[in-house]
Amino acid sequence: MCLNASQWNLGTTTTAATHPRQILYIAKKPRVRIQRLKQNRMRRTLSARRRRFETREMRIDEGREIELKNLKLYLENKSIIEENRKLKEKALLLHQENRVLMSQLHKISNTTNTLSVN
């Protein structure tokens with residue numbers, strides 16, 4: 001939309017909309033706006049894709065960390081259970097030994113009581 005010199009309104013009543021420079025500026029403005037909108041849209045979609053990718057990677061990393069922690073806790077529990085079983089066996093053996101010693105002590109004390117009575 002070009003105007004030749006005869007079409008220019010150079011009077012004192014020139015408005016911004018009729019001035020040739022303003023007309024060219026107005027004509028170019030929507031293209032620039034569309035380009036900026038496209039660029040902004042591209043930036044937003046790229047940043048959204050990047051965020052989704054990063055969050056997916058973070059979730060995968062968190063999942064791996066949780067699996068490792070779970071495995072460590074499982075192994076720790078297993079070792080505690082094994083240690084508990086061994087301690088129970090020792091406690092049972094000590095209890096049996098204590099009962100044997102107590103019975104021997106009673107036998108000795110009974111024999112000494114019978115000897116002292118005689």
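The legends below describe an overall view and several close-up views of a predicted model.

**Figure 1. Overall view of the protein, with its one helix.**
The secondary structure of this predicted model consists of 1 helix and 0 strands. Helix H1 covers residues 20-117, in a protein of 118 residues. Of these residues, 3% count as buried. The accessible surface amounts to about 11600 Å², and carbon and sulfur atoms account for 59% of that surface. The whole structure contains 3 salt bridges, which are presented in the views of charged side chains below.

**Figure 2. Close-up of the salt bridge between Asp61 and Arg64.**
The closest N and O atoms of Asp61 and Arg64 are 3.9 Å apart, a value that falls inside the 4 Å cut-off for a salt bridge. Both residues belong to helix H1, where a spacing of 3 residues places them about one helical turn apart. Asp61 is partly exposed, its relative accessible area being 38%. Arg64, by contrast, counts as exposed, at 53% relative accessibility; the cut-off for this class is over 50%.

**Figure 3. Close-up of the salt bridge between Glu82 and Arg85.**
The side chains of Glu82 and Arg85 meet with an N to O distance of 2.3 Å. The two residues lie in helix H1, 3 residues apart, or about one turn of the helix. Glu82 counts as partly exposed, with a relative accessibility of 33%. Arg85 is likewise partly exposed, and its relative accessibility is 39%.

**Figure 4. Close-up of Arg85 and Glu89, and of the network that includes them.**
Arg85 also forms a salt bridge with Glu89, at an N to O distance of 2.6 Å. Here the spacing within helix H1 is 4 residues, again about one turn of the helix. Glu89 is partly exposed, with a relative accessible area of 42%. Which residues make up the network of salt bridges in this view? Glu82, Arg85 and Glu89 are linked in it. Arg85 takes part in the contact with Glu82 and in the contact with Glu89.

**Figure 5. Close-up of a nonpolar surface patch that includes Tyr74.**

Note on methods
Residues numbered from 1 in each chain as written. Predicted model: local features only at pLDDT ≥ 70, side-chain atom pairs only at ≥ 80, totals over all residues. Heavy atoms only, no water. Patch = residues over 30% accessible without salt bridge, like charges linked within 9 Å, V, L, I, M, F, W, Y side chains within 5 Å. Areas by Shrake-Rupley, 256 points an atom, 1.4 Å probe, with all protein chains shown as cover. Buried < 20%, exposed > 50% of the residue type's maximum accessible area, 1.4 Å probe, protein only.
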